[in-house]
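This report describes selected features of the structure shown below. Please keep the sequence and the model in view while reading.

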Amino acid sequence: MELTTDIVRIVSALSTWWWMILGLMFLLYIALDGADLGAGIFALFSKDEEERGAIMASMAGFWDGNETWLVVAGGVLFGAFPLVYGSAFNYLMIPLMLALWGIISRAIAFEFHIHARSSKKLWGWAFALGSLTAPFFAGVSLGAALQGFPMKSGIAMQGIADRGFTTPVMHYAGGAMDFLTPFSIWTGVGAVIAAGLAGGLFLCARFLPGDVIHERAKSWTNLFSFLALGAIVVTLVWSYAIFPWAAAKWTGPNWWIWAIWFVIVLFFAFKSMTNHSMQHDFTALLWGEGVVVLLWAAMWATMFPYIVPGTWTIHSASNPANSMAVFTLFMTGFVPVMIMYNWYQIWVFRGRFTKKSVYGAH
Amino acid sequence: MVIENSLPVLLSRLDFAWITSMHILWTPMTIGMSWLLFFMELAWLKSGDERWYKLNRFFEKIFIINFGAGVATGVTMEMAFGILYGPFSQAVGPFFGNILGFETITAFMYEAGFIGLMVFGWGKISKGMHLFVTFNVGLSSSLSAMWILVANSWMQTPDGVVLKDGLFQVTNWWHAILNDNFVWGFPHMWVACVELALFVFASVSAWFILKNRHADLFTKILKPTLLALLIVTPLQIFIGDSVGQDVAKTQPTSLAAMEGHFHTYLPDGKPNTNWNLIAIPDVEAGKNLFSIQIPHVLSLLETHTWNGVVTGMDQFPVKDRPDVWVPFYAFRAMVGIGFLLFFVAIWGNVLRMRGQLTATELRKHPWFLRAVIFSGFLPYLAIWTGWWVREIGRQPWVVFGMMRTYEGVSNMSVAQEVVWFVGYIIFELVVWSGAWYFFSRVIQKGVNDIPHSDTLFHGHDEDHEASQAGGGHVAPTFAHKPMMHSDR
């Protein structure tokens, strides 16, 4: 009896641990690739292929590493919480598919734009459009996931007769378009705004002051700073109105923690904006990324103890005890290692560009 | 009709088969070629021979395009299990999900963390560090292949698990990871990757020699490549035979399908030892409508005895039988290619023994060069057909003998499946045709625009400045010199 309760305790500790790592992986993805995607959105408004090429070259050494955090997040979700992986991705089939098509366009554009002669324009647009659709549909998926989804057990597949197959596992039971709500469309827009801001800050830090790209990125960042502040407020109010689990937490006995947290977010945003206006571009980028970290952590904490609000709790979605133990033993150590060599890769490619210098070499 | 062949289930299989088939056009070359790049770089550093550097940088361009296509098609794969086969993903999560998690953490991300350094790091990191980076790209991509093969071979021979509460719970991790099929299945795939990369090398080299461009340079790489192929091609045939025997033992329905073997015993009660060279199978009727047979060969192949009993399709109920057409002919294509490539390797080494592996002599054997060029495409087909045998032969099971395919399919309508299929036909074909178009452009351009390796490290002062600078506030460190080399 004693042993069983111990095992239950250990499993719930381990699954909470993996829930935090999962949050970290998603955070690394949005913080790092968000900037790359945003720079791609910026490239939608570029006048020439030279500028798009320069923007692509500015992230050439590490975009793949940044994007791969999404794959790692998917792998952690599959490895630790397969019950969520197998139902939430089923629910989000359409938006994930569209986001993936954006990612595909972008990934091949990186390789093809360099070699292309007559088709340069095509790949430049594939890069920019892919950079827009990927965060939009990823944002839609996030908003849809926050709303939860219906489940049932038995045969999941539509259009085939029940053959007497039974299983206690709960599958996704809704329709193809259930993900599409005003709120999820809004989170898609919000994600684009957030990425746009990160991209602007990144380009300011990446190109030399006075360069054409730097000049344009500066005014772009000013605009997106205000858009982003507005988006944060709208998202918070909207979430408060439609998610009882969020409202209960924010106005519960610990309301003051959330209030302080919000003030810290505003302080970070303020620091980012002032540093930006003083052309401390790299510092501005770091303060801006700080806002992302704070908001993401707040969202994760608001959802606790759920992974998918109202649908899967951390406890109900986690793998059996021995799988969790094996995953923890063999994989936890790699997390800091991954972060280290990714940091090294970004470090090697640090420094600033001008539009001409990168493009000439490309 | 078997339910796995009804429209909704068949479409879900096609959806998955299409994205997997298009993804595996890229990964084997990444896996095999990264090691070849490593050895060329090592040869350059050891010998100081500039030609190795040139060859390395040239093949690296092909490698990068190939890698980009692999990433573009690969991100989908990580999500596709949950999207298309949600209930399967949930049930196999305790093992299969864990392994896929291992793969992303120890291999996919490992590779992504080094690939940028390998491609853009020339001249920015030391030569020794660069060699180390290339080594890591090779190791990480092979690790990736290993984990994927652990996961897939477990679906063929699900050892070390029990099905409890609707989940495949692991009882023995070692049995599950080193499952029966993995032992030969992983070497078969890994050697296929090396064989493919070697043939692509040989094929590109032969093209240059035939066109009499950089002929001496490419003869330099053709020689060791042909020697390596003389070892690799027969090795692959041997490993393939071992996989076949394992399949005969563990997945008799799959073997019966790939050999078109319907009747275990002949009408007179003796074991049916006939091997079908070609056949027109009729799965519903449970027999071949027509076949050309050779006695004893089947028993020889699968049991290594003259009259051994090989279990036929008739030992299994109709609802448990896979389709025969695809496994039967795909298997023959794969084996045929395996032997053909072995023959090409022998041909090349006969020329070597006669001392004819020089640029001038080789051009007197244009048919040999043409055969080698053509051989560069065949391993792709062999890998495709091999996987089709494996995956279709396993049907109607998704986890052999334990979970049927229809039980694992996601909640989707036929319309959703069609949208996915059509969309991915467009995207995958754009990736494929774009990549091949740019392969041909890179090959057309040749090696002339690759700068001498001396140009790599001549910017030391600037580099020093950059390392003090750190983040973003500072001097225009890269303003004066190109960020990347002009060959990109």
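Pro305(A) lies in the loop between helix H11 (281-303) and strand S3 (306-308) of chain A. Helices (H or I, at least four residues) and strands (E, at least two) are DSSP runs, numbered from the N terminus. The peptide bond that leads from Phe304(A) to Pro305(A) is cis, with omega near 5 degrees.

In chain B, a cis peptide bond joins Gln395(B) and Pro396(B), with omega about 0 degrees. Pro396(B) is placed in the loop between helix H14 (378-394) and strand S5 (397-399) of chain B.

**Basis of the model**

The model is predicted: local features need pLDDT of at least 70, side-chain atom pairs count only at pLDDT 80 or more, and totals for chains, interfaces and linings use all residues. Residues are numbered from 1 along each chain as its sequence is written, while chains are lettered from A and ligands numbered from 1 in the order in which they are written.

Chain A contains 15 helices and 4 strands. Its radius of gyration, taken over C-alpha atoms, is 22 Å, close to the 21 Å of the globule rule (2.2 Å times the number of residues to the power 0.38) for 362 residues, so chain A is as compact as a globular protein of that length.

Of the 362 residues in chain A, 53% are buried. A residue is buried if 20 or more other C-beta atoms, placed from the backbone, lie within 10 Å of its own, exposed if 12 or fewer, and partly exposed in between. In helix H4 (residues 82-91) of chain A, 10 of the 10 residues are buried, so this helix is largely enclosed by the rest of the structure. Beyond its neighbours within four places in sequence, Val84(A) is in contact (C-beta atoms, placed from the backbone, within 7 Å) with Leu77(A), Ile307(A), Val308(A), Trp312(A) and Ala317(A).

**Two histidines in chain B**

Although His214(B) is not a glycine, it has a positive phi of about 45 degrees. His214(B) sits in the loop between helix H7 (180-210) and helix H8 (215-250) of chain B, and counts as buried with 20 C-beta neighbours inside 10 Å.

His304(B), also not a glycine, has a positive phi of about 60 degrees. The loop between helix H10 (297-303) and helix H11 (325-353) of chain B holds His304(B), which counts as exposed with 10 C-beta neighbours inside 10 Å.

**Where the chains meet**

In the model, 84 residues of chain B are in contact with 82 residues of chain A. H4(B) gives the largest share of the chain B side, 25 residues.

How values were computed. Contact = placed C-beta atoms within 7 Å.
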